[in-house]
Each structure stands twice: as structure tokens, then as C-alpha cells.
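These are my notebook entries on one structure. I set down what I looked up, in the order in which I looked.

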Amino acid sequence: MERYRVVPGPEGYLPPAAALHGVELPLPGQGLVEGSRVEGRTAALAIAERLVSASVPTFFPGPLLLWKSTEEALERGRLVREIAREVGAKVIPMPDYRPKYPMIDPAVEINPNHPNLTIWFNKIDVGVFIGVHCHQANLALKIIRGGTSCFTVALCAHEGHEDANASLRDTDVASLTALLDAVRIVKQGGE
Amino acid sequence: MSLEITRMNPHFADVMPQEYTDLVENGPFGRDFGARDLGSFKELFEEHPMCAGCNLSLAFRIIVASLPNPADTIMVGSTGCNSIAFPQLALHNVHSLFGNQNAIASGLKRGLALRFPDKVKDVVVVAGDGATADIGLDMTLHSWFRGEKFATVMFDNEIYANTGGQESGMTECGEIRNMAPTGKKFNKISVANLAIEAGCAYVAVVTTASPLKISKCFEKAVLVAREIGPTYVQIYTPCPTNLKLKSSESVSLAKERSKGTYQFREHVSPEAEEFLAARAEKTEEQVRVTSKDEEMHSA
Ligand SMILES: Cc1ncc(C[n+]2csc(CCOP(=O)(O)OP(=O)(O)O)c2C)c(N)n1
Ligand SMILES: [Mg+2]
């Protein structure tokens with residue numbers, strides 16, 4: 001059977017769950033790129049390449065990063081801002097998960113229930129989720145893949161996301177520092 | 001108090017939407033704002049897509065502003081017009097299956113007590129008359145029989161408003177509704193009496209004609225539920241859309257009803273009475289100490 005590739009959409013209404021196509025979560029030390037398990041460093045370089053070459057790369061920090069002032073969260077926040085600066089990315093927060101009918105303000109926030117609005121409004125071509133609770137991230141990733149052509153990245157603190165186009169697992173200060181290094185390497189023309 | 005969750009990561013302060021900055025700087029978390037202060041602080045429930053003149057949204061706004069400890073409160077809603085309000089609420093909330101709200105709240109309250117044994121966590125149920133008195137009556141009554149410690153609020157618009165106007169058990173006898181053209185054939189259920197019989201420690205019946213009364217009764221209901229046992233507040237919230245009233249006329253209707261068939265009632269169990277009196281005394285003592293302090297400072 002041919003390996004299923006988790007490529008950007010639009011897949012249409014109800015994009016298939018990658019897990020149902022046999023995509024498995026990365027093992028410790030690994031990452032996912034388009035549904036394939038690869039070494040963590042390979043995944044970081046692939047993400048860095050996407051970020052550097054994007055027209056409107058954007059970071060979407062979620063509640064776990066926005067509302068905590070632990071030392072770890074502060075340091076992760078600093079690194080996210082530094083990576084964003086390095087690649088010229090926007091930072092659009094997901095401060096909570098309210099659907100806020102009839103509509104959120106897509107210029108300044110993103111929401112897991114209709115994340116496509118923010119992607120469309122800002123013409124985002126690479127979107128990076130970090131600090132979003134896993135079940136809400138899964139929802140957002142599927143909707144984005146359903147209705148947009150945005151390349152999605154999930155920097156997950158747990159086991160990664162098979163519905164993202166690329167994903168790291170166990171994302172901590174060390175892996176964000178490694179991602180920042182990867183971005184700098186890619187900017188200088190690669191290894 | 002769980003104020004940790006309302007502290008912003010400074011690395012993102014510049015990109016946080018204004019709404020959240022306002023909530024942190026001028027919201028009710030950890031501050032003593034109440035319904036009396038509406039208009040002077042950032043509310044947890046502000047914009048909403050409900051109909052113009054909706055009394056349910058008015059009651060919702062008042063009770064949310066009257067929560068004694070919003071940072072440690074979880075609200076449970078049910079299907080109905082309140083479920084259009086809940087998505088706007090900047091507070092943890094659970095949307096339950098129609099009628100299940102008091103069962104969900106029972107589990108939630110017990111779970112919170114196990115998970116946070118050293119903290120006071122308030123659980124508040126808000127549901128329509130159909131959800132409370134008809135489809136969820138079983139869940140409502142049994143949570144009271146079991147003595148579950150949370151407050152139940154009924155928004156009584158005497159109709160299934162959200163589904164276009166069927167009669168509910170709370171509709172008055174003889175009343176005609178959009179989808180109940182022959183008129184209600186039996187009397188309005190007295191859920192307040194059922195609540196007293198079932199052992200609620202505090203019960204109040206109020207209307208949107210008296211916002212401050214709603215606020216006071218609701219606050220008592222939350223506090224008594226915390227310490228003593230189940231409580232129930234029934235708020236008359238006439239629906240201008242279904243009753244075909246002008247938006248300005250619905251509060252007038254509440255005013256009229258509050259003088260006739262929807263009069264204020266309050267039941268306080270002896271235990272709750274004692275608790276509330278002791279609390280009032282303590283608050284007065286605090287006020288005395290504070291004003292004495294202020295006198296000394298200004299002297
Ligand atoms: C289990 C179930 N049964 C029926 C419905 C359909 N339904 C949705 S809202 C509603 C009526 C709600 O009436 P009420 O509780 O009085 O709330 P209101 O809309 O009047 O505020 C009904 C019957 C449903 N959503 N779920
Ligand atoms: Mg109703």
C-alpha cells in the first residue's frame with residue numbers, strides 16, 4: 001500500500017483523519033513530515049525550510065503558552081518570538097477556545113472552531129501551533145487542511161500531531177533552541 | 001484563588017487582543033465587582049448574538065457579574081437559548097446534553113472536590129425551563145435529593161424558545177404558544193415548591209424587573225450551595241421574539257408579572273439562615289475595620 005501523505009489542503013469538507021490512513025505518531029526523538037516518521041533534526045530542518053521560504057509565516061501560540069508565567073513558559077515564549085523574528089513571522093494568539101459567534105476578529109486572533117477565517121484573512125501560507133491543548137489543535141488542524149492550502153506545523157509538548165503537515169514531539173526549551181538553530185542554518189543556505 | 005490563569009506571558013503581551021488585556025487589567029478576577037458596578041469593569045459576558053430585548057441575556061449578564069469567585073467557577077449550561085450565550089462567556093463552561101445539566105454538574109462538583117481538596121470551586125447550572133422542569137426534571141430533582149452542593153438557575157421564559165415556541169411545563173394554564181395553538185391544558189409546575197420539598201437550602205423566585213434582587217439572590221445561592229447544600233433560583237425572563245413583543249416591552253411585562261403571577265419568593269433553610277447571618281456580620285465587621293483604617297489614614 002502506498003504511504004499516505006499528509007499534504008496541505010484544501011481537502012474539502014471533512015478531511016480524512018491521517019491516523020485512519022495508517023499515519024502513526026513519531027517515537028521519542030523523531031518528528032513527522034507529511035505523515036512520515038523522520039529523525040527529530042530532519043523534521044526541524046524541514047519546518048525551518050518551510051518557515052524561511054513562506055510568504056506569510058505565522059505562529060499561533062495557545063493558552064498553555066499565553067497564560068502561564070512559569071520559568072519554562074517564559075523561556076519558550078522568548079524563543080518563539082525569536083524564531084518568529086528570525087523568519088519575519090506574524091504572531092497571532094489563540095487566547096482561548098470560545099467559538100465567539102458570529103465571528104472572531106481574524107486580524108488579531110485565531111480560534112480552533114473556525115481557524116480558516118484567520119488563515120484566509122491574513123493569507124497565511126505556513127501556520128505553526130504551539131501551546132494549544134491537543135484536542136483543540138487536532139480540530140484546528142483538520143479544519144485548516146479542509147478549507148485552506150496553508151502548511152501546518154504542530155510544535156507539540158506531548159506526542160505530536162499526525163494531522164499536521166509537520167510536527168515535533170516533546171517540544172521544550174531545548175527543541176525550540178534547536179529549531180532556532182535550524183532556521184539560522186537554512187537561512188545561511190543549509191548544512 | 002486561581003489567578004495564575006489570568007497572568008499573561010509578557011513575551012506575548014504586545015499581540016494579545018484588546019479584549020484579553022482588558023480582562024486582565026479591568027476584569028472581575030480577584031476583584032470585588034458585582035452587578036452594582038456594571039458598566040465600570042470589563043465583563044465576562046459582553047457581546048452576544050441573542051435577539052434584541054432578550055431578557056435571558058439580561059439575566060445571564062447579571063448573574064455572571066454577581067459570581068462571588070469567577071476565577072474558581074465552572075458554569076454548566078444546557079441546550080436552549082442559553083447555549084447561544086455561553087460561547088461568548090470568558091469563563092470555563094460545559095455545554096451539556098439537553099436535560100442532563102444537573103447530572104453533569106454533580107459529577108463535576110464531586111470531581112473538583114477530589115482534584116482540588118484545598119480549594120473552593122463553585123459550580124453553577126444555568127438552563128431553560130424546558131431543560132429544568134421537563135426533559136431534565138429527573139436529573140434536577142435527583143441532584144437535589146442527593147444534596148449535591150451547587151446552584152441551579154432556571155431561566156423561565158415559559159416556553160421552548162430556541163425551537164420556535166412549544167409549551168413547557170412552566171407555561172401558564174390556558175396560554176397559547178406559536179407551536180401550541182390549542183392552549184396549555186394544565187397548570188404551571190411549581191419547581192420552587194419541588195425544590196423546597198427536595199431539600200434545597202435556598203430557593204428564590206425573581207424576575208428581570210429587579211436586576212439587583214437577581215444579583216443578591218444568586219450570590220446567596222452560590223454561597224449557600226458552597227457550604228450547605230443545593231440551591232435554586234428561578235428567574236422570569238420573558239422572550240420578546242416568541243411573545244411578539246417590542247424589545248422594550250419585555251421588561252415591562254416582567255414588571256407587570258412581578259406584581260401579579262410572578263411575585264418574589266424566597267425560602268431560606270434555618271441552617272442557611274444562620275450561615276448567611278454570620279457571613280453578613282463578618283462583612284459588616286470588615287467594613288467597620290476598613291473604614292476605621294481609612295479614618296486613621298486620613299487623620
Ligand atoms: C435531547 C434533546 N431533545 C430535544 C432537543 C431540541 N431542543 C433544543 S432547544 C429545546 C428547547 C429549549 O427550551 P428551554 O429549556 O425552555 O430553553 P429556552 O430556549 O426557552 O431558553 C429543545 C426541545 C435537543 N437539542 N436535545
Ligand atoms: Mg424556555
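I began with Thr58(A) and found that it stands opposite Lys90(A) in E4(A). Strand E3 (residues 57-61) of chain A and E4(A) run parallel and are joined by two bridges. I noted that two strands pair if DSSP finds at least two bridges between them. Helices (H or I, at least four residues) and strands (E, at least two) are DSSP runs, numbered from the N terminus.

Before going on I recorded the basis of the entries. The model is predicted: local features need pLDDT of at least 70, side-chain atom pairs count only at pLDDT 80 or more, and totals for chains, interfaces and linings use all residues. Residues are numbered from 1 along each chain as its sequence is written, chains are lettered from A and ligands numbered from 1 in the order in which they are written, and side-chain values use heavy atoms, with hydrogens and water left out.

I then looked up the confidence values. The predictor gives the complex an ipTM of 0.95 and a pTM of 0.91. Chain B averages a pLDDT of 94, and 95% of its residues score at least 70; pLDDT is the predictor's confidence in each residue, from 0 to 100.

Entry on the sheet of chain A. I read the strand order as E2-E1-E7-E6-E5-E3-E4 in an open sheet of seven strands with mixed pairing. Its edge strands, E2 (36-39) and E4 (90-91) of chain A, each pair on one side only. Helix H3 (residues 71-87) of chain A lies across E3, E4 and strand E5 (126-130) of chain A, and runs at about 170° to E3(A). Such angles run from 0 to 180 degrees between N-to-C directions, and axes are lines fitted to C-alpha atoms, for helices over the stretch in contact.

Entry on Ala154(A). I located this residue in strand E6 (residues 151-155) of chain A. Is Ala154(A) buried or exposed? Ala154(A) counts as buried because its relative accessibility is 3%; buried means under 20% relative accessible area, exposed over 50%, partly exposed in between (1.4 Å probe, protein chains only). Ala164(A) is ten residues from Ala154(A) in sequence, and their C-alpha atoms are 6.0 Å apart. Not counting residues up to four places away in sequence, Ala154(A) touches several residues, among them Phe129(A), Leu141(A) and Ala164(A); contact means heavy atoms within 4.5 Å.

Entry on the sheet of chain B. I found an open sheet of seven strands in the order E2-E1-E3-E4-E6-E5-E7, with mixed pairing. Strand E2 (93-95) and strand E7 (265-268) of chain B each have a single partner strand, so one side of each is left without a neighbour in the sheet.

Entry on the metal site. Which residues coordinate the magnesium ion (ligand 2)? The donors are Asp129(B) (OD), Asn157(B) (OD1) and Ile159(B) (O), at 1.9 to 2.1 Å. Donors are N, O and S atoms within 2.8 Å of the metal (3.2 Å for Na, K and Ca); water is not among the atoms, so sites may look incomplete. Asp129(B) counts as buried at 2% relative accessibility, and Ile159(B) does at 3%.

Last, I looked up Arg177(B), in the loop between E4 and H7 of chain B. Arg177(B) counts as buried at 6% relative accessibility. Among its contacts beyond four places in sequence are Ile159(B) and Leu243(B).
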